[in-house]
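Hi everyone, thanks for making time this morning. I'd like to walk you through one model and the spaces inside it.

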Amino acid sequence: MNKSSKKLEGGVKNYSMTTHDPIRHLEYLRQSLSQDKKPIGFFISAGCPLAVTMPTKEKEPLIPDVANLTKWINLELKEDKKYQNLLLELEKAKKDRNNIEVILSFIRGLQQVSEGGVVRGFSESDLKEIEKTVCDKIVLRINVPLPDTQTPYHKLVKWISSIDREYPTEIFTTNYDLLMEDALDSLEVPYFDGFVGSRKSFFDLRAIEDNSISKHWTRLWKIHGSINWNQVEYKGIKKIHRSSEVKLEANQLIYPSHLKYEQSRKMPYLALIDQLNRFIREKSSLLILSGYSFNDEHLNDTIINALKANPSAMVLALMYGSYFSKEDDERYEKAYKLAKDRHNLNIWTFDKAIIGTNLGDWKVQKTCDDNDIKQFISFEDNNVKLGDFAIFTDFLKMLIGNKQENKKEEKNDK
C-alpha cells in the first residue's frame, strides 16, 4: 500500500497505511445520486465559476476567483482617494486587502459604529458611498451570461430535471452571480429562490419555513445575497426585492459575511442559513459541496452542528487540487481538521481523501469493468478529480445516460 502523509509542526510527517478504493466510493456516490427518495442537495461556491471559460480567451474563467476579482477592483479604484484611504486603514487593522469579501466586511463593520460620528477618518456617508462603489464594481464584473448551453451549470440542471424525486433538489450557493439562474432559465427548469411576485418580487419567509412549494420545483438558496437583490425604502421602511434584471443604480444585497445587519438585510441571510441547517437534518440527506474552501466559520459551524444532530446525514466536499500545496502545506487545513472529527463529513481531493475520519491515498483495489466509473479515475497516478466542478458535472451527465438505460430495461421487462 502507498503511504499517506500529513505534515505536522516542525516539519515532521506522520505516516498512515490507510487507503481508499476510488471504484468503491464512486459506485457508492453513483448509487446515492440515483435514488429518487433521498434528500439530495448541492452547495455551489466560489470555485465553481472557474470551471466555465470564456469562449474567446483560452483558459480565462468567465468570472474570476476572489483574489483576481479583488485585484481588478483595486485597479479600477486606484484613483478613488476614499477607497485607497480605506485600504490603508485595512492594512493598519492587519486585514487582507487582497480579498474583496474581507474589504466589504471591514466597511460594514465600520458602518456599525459610524452613525453620528467619524471612525478611522470616515463618516457614515463616506462608508456608504465606498460600499456602493465596491458593490457596483462587483456587479459590473460578474454580471455575465453563460457562453453556451453545455457548461457545467447546464449539466447540473440537466441532471436535476432528468428524474422525478420524492424530495426537491436543493441548491445552496455563496455566489452572488446569476449563472445558476441562467442555466435553470435556459433549460426551463422551475425553481424557487425565496421570492414571490412578478413586478416587485419579495422575500416570502413563510413559504420557505412551511416548505409549501411544489416538490417538482428546485430550491435555489443564495446565502450571501445576489446582484439582482435590491434594498429599497418605502416611507422609512426598508424592504428587499428581487428584480429580473440587474440594476446598476440599485442598492444590491451582497453580503459575504454574517455581520449583524439591520433587520431588513439580516432576515434573508438567517432564513437561508436555517434552511441549510434543516436540509442537513433531513433523514439520510446527502449534501455535495463543490468549490467551497471552508473559510467561512459561520457556515462551517452550521454544517458541523447539523451533522452532529443527524448521524444519518452525509456531507461530501469535493476539493480542487491535491491534498498538499506545492509548499507541502495542507491546502484546505480547516476542512481536513473538521473531517477528521466527523464521520459524516468526507473530503475528496485529487490524490487523497478523508472518509469516515480516516485520511488515505486513493488506491484502486478491486477489478472494475464498468467504463462509466473507470473514466473518472486516473489509474496512472490513482487520482480522482471530481473536485473539478467541470468533471463532477460530467459525472452527473453520465448518470443521466444510466437512468435512461434503466428506464428502457424496466419497460422491456414489463
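I'll start with a pair of helices and then turn to cavities and a pocket.

First, some housekeeping. This is a predicted model, so to speak: local features need pLDDT of at least 70, side-chain atom pairs count only at pLDDT 80 or more, and totals for chains, interfaces and linings use all residues. Residues are numbered from 1 along each chain as its sequence is written, and side-chain values use heavy atoms, with hydrogens and water left out.

Now please find helix α2, residues 66–76, and helix α5, residues 124–142. Helices here are DSSP runs (H or I, at least four residues), numbered from the N terminus. These two pack at an angle of about 120°, with their axes 10 Å apart; axes are lines fitted to C-alpha atoms over the stretch in contact, and angles run from 0 to 180 degrees between N-to-C directions. On the α2 side, the contact (heavy atoms within 4.5 Å) is made by Leu69, Trp72, Ile73 and Glu76. From α5 come Lys137, Ile138, Leu140, Arg141 and Ile142. By class, that contact has 6 nonpolar, no polar and 3 charged residues. Nonpolar covers Ala, Val, Leu, Ile, Met, Phe, Trp, Tyr, Cys and Pro, charged covers Asp, Glu, Lys and Arg, and the others, Gly among them, are polar.

On to the spaces. On a 1 Å grid over the protein atoms alone, a cavity is a set of points where a 1.4 Å probe fits but cannot get out; a pocket is an open set with protein on both sides within 12 Å along at least five of seven lines, and lining residues have an atom within 4 Å of a point. Grid points are joined across faces, edges and corners, and a volume is the space filled by probe spheres set on the points.

How many cavities of 30 Å³ or more does the search find? There are 2. The largest has a volume of about 50 Å³, and its lining includes Ile44, Tyr153 and Lys222.

Finally, the largest pocket holds about 1500 Å³. Of its 50 lining residues, Ala46, Val66, Glu101, Ser293 and Asn295 are the closest to the centre. Helix α4 gives the most to this lining, with 4 residues.
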